[in-house]
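Student: Could you go through this structure with me, slowly please?

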Amino acid sequence: MNDTFILNSKETGFKPGQMILDAARNGGIEIPTLCYLKGASPTGSCRICLVEVKGARSLMAACSTPVSPGMEVFTDTDLVHRARKMNVELLLASGRHNCLMCEANGNCRLQDLAYFYKITQLRFKEKDEKDIYPTEDQNPFIVRDFSRCILCGRCVQACNDLVVNRAISQGYRGAKSKIVTGGDRPYDESECVFCGQCVEVCPVGALTEKKAKGLGRPWETKKIRTTCPYCGVGCQQWLHVHDGKIAKITAVEDAHPNQGRLCVKGRFAYDFIYSAERLKTPLIRETNGEFREASWDEALNLVAKKFKEIIKKDGPDAIAGVSCARSINEDSYQMQKLFRAAIGTNNIDHCART
Amino acid sequence: MILVIGSNMTEAHPVAATFVKDAAVGGAQLIVVDPRRTDLVDFAQLHVQIQVGSDVALINGVMNVLISENLYDKDYVDSCTMGFDELKKKVLEYPPERAAEISGVSADTIRNLARRLAAVKPAMLMYTLGITEHICGVNNVMSCANLQMLLGNVGFECGGVNPLRGQNNVQGACDMGALPNVFPGYQKVDNPQAQEKFMKAWKVKSLPNKPGMMMPTMMEGLTTGKIKAFYVFGENLANTEPDIHHVEHCLESAEFLVCQDIFPTETTRFAHVILPAAAWSENDGTFTSSERRVNRVRTVSQPPGEAKPNWWIFKEIAKRMGHKWKSDSAEEIWDNEVSVLAPALAGIKYARLENDGIQWPAPSEDHPGTATLHKDGCFTCGLGVLKPIDWIPPAEVPDQEYPMVLSTGRRLYHYHTRTQTGRCQGINELLSEETADISAADAESKGIADGEMISVKSRRGEVTVKARVTSQVPQGLVWMAFHFREACANWLTNPVYDPITQTAEYKACAVRIDKLK
């Protein structure tokens with residue numbers, strides 16, 4: 001088997017069918033990308049991953065060019081960098097990429113590339129304001145700012161190839177190109193189910209979380225890994241936390257079981273914890289039926305006293321309890337322990353079978 | 001190949017559904033068995049649109065074909081299972097024509113389904129509450145198991161009988177022994193060795209040795225006076241249980257009701273004491289997912305006001321009843337008690353849960369966890385038991401007065417009684433009210449327009465609700481959820497239960513729909 005190729009003058013292994021991008025990554029050479037999306041078929045649309053292939057007529061997109069045995073690939077030549085830099089300059093002119101006012105500032109692949117290539121001024125004329133589609137945000141969760149969209153198509157691939165919700169696609173042609181929902185309707189009137197996978201994969205600031213606006217910039221937030229509190233799938237989440245508050249939630253990539261995916265509840269339904277309606281003190285019902293605030297000692301003493309009275313009078317089996325399938329394991333453990341060891345009954349259940 | 005039965009996965013388990021859709025788009029066969037044309041049907045090669053509550057008859061019909069056409073996995077059945085002869089005798093009473101009559105699925109489709117299932121190996125069966133929320137829920141589950149064992153599909157990756165769990169930690173609450181018949185780790189309360197072990201661990205002289213009551217019996221006990229005190233932790237029973245009028249009567253009857261929750265709910269109205277608890281991101285702890293994966297939950301902020309972690313509250317009550325418990329954090333509870341006492345969890349410690357969780361059984365700390373149970377058909381209990389099962393109809397079937405079937409479930413944007421999602425900015429904009437989903441044929445015959453307010457009435461109650469005319473629902477069926485209080489399906493549902501699990505028949509009762517006068 002001759003499964004090697006020459007990567008930057010070094011013999012490197014590859015698997016048959018592997019693209020240059022993946023083979024290079026395995027060989028320790030990182031090639032920058034914008035449109036490449038793991039798990040979806042490569043589109044080769046952004047032209048940032050261009051590499052030189054000996055004998056080829058032009059530079060090749062590493063994400064969509066399969067390696068062949070003995071192929072000579074160069075990722076770090078002048079020609080490669082000039083081409084990549086020019087593509088970045090063209091993308092910077094494709095809209096209005098004003099980082100100061102962008103939610104993605106500090107978490108933007110285009111910004112990273114502009115910085116890497118030391119671009120300090122625009123080489124091409126920016127797209128005219130009047131040629132940019134108005135921002136689409138007629139929905140509670142997702143903002144699509146077309147002035148920042150580089151038409152890489154990652155959102156379209158995530159929607160169609162990963163989560164298969166099939167809500168958005170590439171629309172129109174040429175300079176009028178635009179990512180659209182079916183019939184180019186607003187998101188809340190479309191097939192969109194607001195899983196936010198498009199936002200998750202957007203490499204720039206075109207797609208952002210509406211609820212996260214102003215709550216913390218990437219370098220201010222701390223990421224805390226946790227498990228989603230909704231259904232039983234157990235999706236792994238990053239909570240982006242600023243000043244002790246969740247600014248937004250993203251999925252943990254490559255984690256079991258969700259592999260970087262979330263649904264509308266997992267991504268957007270977290271702020272119940274900050275509701276003003278939360279219970280904040282123990283409450284005891286008075287004989288007139290009204291609740292009054294009580295201290296923990298008073299409330300807990302009352303519960304223990306009533307339980308002891310009932311146990312004495314009617315036996316422990318006159319007390320029953322249901323635990324919570326939403327709360328942590330340790331809480332359910334403690335509750336059944338309370339019932340069995342302290343009260344003395346097996347009358348403990350929860351909504352397990354519904 | 002994936003067989004999805006009684007699961008509206010794209011709404012109730014959206015992320016799991018993305019992987020099923022990926023597989024279907026990638027070429028795997030997908031078969032959806034459901035009375036409704038759920039969104040997943042768009043990706044299916046075959047939609048088997050059964051009548052509500054006919055699962056056993058359909059599966060018996062399919063097994064009849066598998067056996068009479070000799071399509072089942074004979075080697076697997078011979079070496080890994082027992083009870084084949086009894087099963088055979090029973091399913092031979094269900095030729096496709098009889099199964100067709102009961103299930104409303106044509107005999108040809110039943111044959112087609114059986115032949116498709118026999119042609120691909122392994123095939124994965126996934127089910128949700130469409131299987132369990134019937135008076136024959138246990139039989140439905142066992143029928144799924146019968147089918148998969150007959151096909152030789154249990155014990156393999158991408159095979160098996162896979163229930164999708166509804167709540168984030170319903171698996172864990174079971175594992176922890178929040179069940180009337182088992183200690184943590186499914187050790188039976190009437191087993192003397194288990195008794196002794198837990199008495200020693202919990203430093204008590206005795207433990208109750210008879211299984212306790214299940215939830216519906218507890219609630220009934222409130223009305224008869226058998227149960228005096230009821231402790232409800234994080235459940236909104238007044239909305240989630242069938243027949244709300246009756247449920248509220250039960251709650252009202254409690255001599256002493258303690259509610260421990262994060263919000264005031266319809267249930268806490270009946271409480272004598274309400275204890276404020278820490279929520280999801282205010283706790284360190286663990287959840288256990290559908291696939292038995294123990295995952296970490298981490299603290300972001302402190303609970304509001306004086307709210308406290310639930311484990312602390314239980315510990316404090318125990319202290320006031322004369323029991324001093326040592327563990328003083330979720331981590332200590334898990335590492336020093338749970339994983340010490342439950343053999344299947346012995347290898348799971350907080351230190352091992354930093355990244356992806358671990359799937360139990362993980363009996364020792366060097367054990368990587370177990371992804372597939374009953375590996376290669378070697379059942380934990382020895383041989384897989386094939387059980388002959390007869391079909392029974394739902395407890396309440398349509399008649400002249402109540403001519404339609406009501407079936408209930410969940411919708412994408414809300415979670416259960418909206419205690420949480422109803423308080424999240426934006427979610428209510430996407431779904432702001434309940435609807436009664438009906439077919440165009442029924443709408444037309446009643447002169448009901450899409451979006452019109454109608455009456456849905458059962459023997460237990462009546463709601464006024466917006467009609468949603470949709471091709472998802474077949475003629476004769478009304479479909480509703482229980483997210484919104486006013487038009488909650490549980491004003492209508494039937495409080496009848498599976499005799500073994502006491503799971504209520506949320507999926508079938510008789511109703512009538514009428515235009516408002």
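Tutor: Let us begin with a term: two residues are in contact if their C-beta atoms, placed from the backbone, lie within 7 Å. In chain A, 56% of the contacts with a separation of 6 or more are between residues 24 or more positions apart. This is a predicted model, in which local features need pLDDT of at least 70 and side-chain atom pairs count only at pLDDT 80 or more, while totals for chains, interfaces and linings use all residues. Residues are numbered from 1 along each chain as its sequence is written, and chains are lettered from A and ligands numbered from 1 in the order in which they are written.

Student: How many helices and strands does chain A have?

Tutor: Chain A has 8 helices and 16 strands, where helices (H or I, at least four residues) and strands (E, at least two) are DSSP runs, numbered from the N terminus.

Student: And what does the C-alpha trace of chain A span along its principal axes?

Tutor: The trace of chain A spans about 95 × 55 × 35 Å along those axes.

Student: Switching to chain B, which domains is it divided into?

Tutor: An automatic or database domain assignment provides the bounds, and chain B is divided into domain 1 (2–164), domain 2 (167–209 + 279–299 + 315–366), domain 3 (213–276) and domain 4 (404–515).

Student: How far apart are the C-alpha centres of domain 3 and domain 4 of chain B?

Tutor: Those centres of domain 3 and domain 4 of chain B lie 23 Å apart, and the contact takes 16 residues from domain 3 of chain B and 17 residues from domain 4 of chain B.

Student: Which elements give two or more residues to the domain 3 side?

Tutor: On the side of domain 3 of chain B that touches domain 4 of chain B, they are α12 (215–224), α13 (237–240) and α14 (244–253) of chain B.
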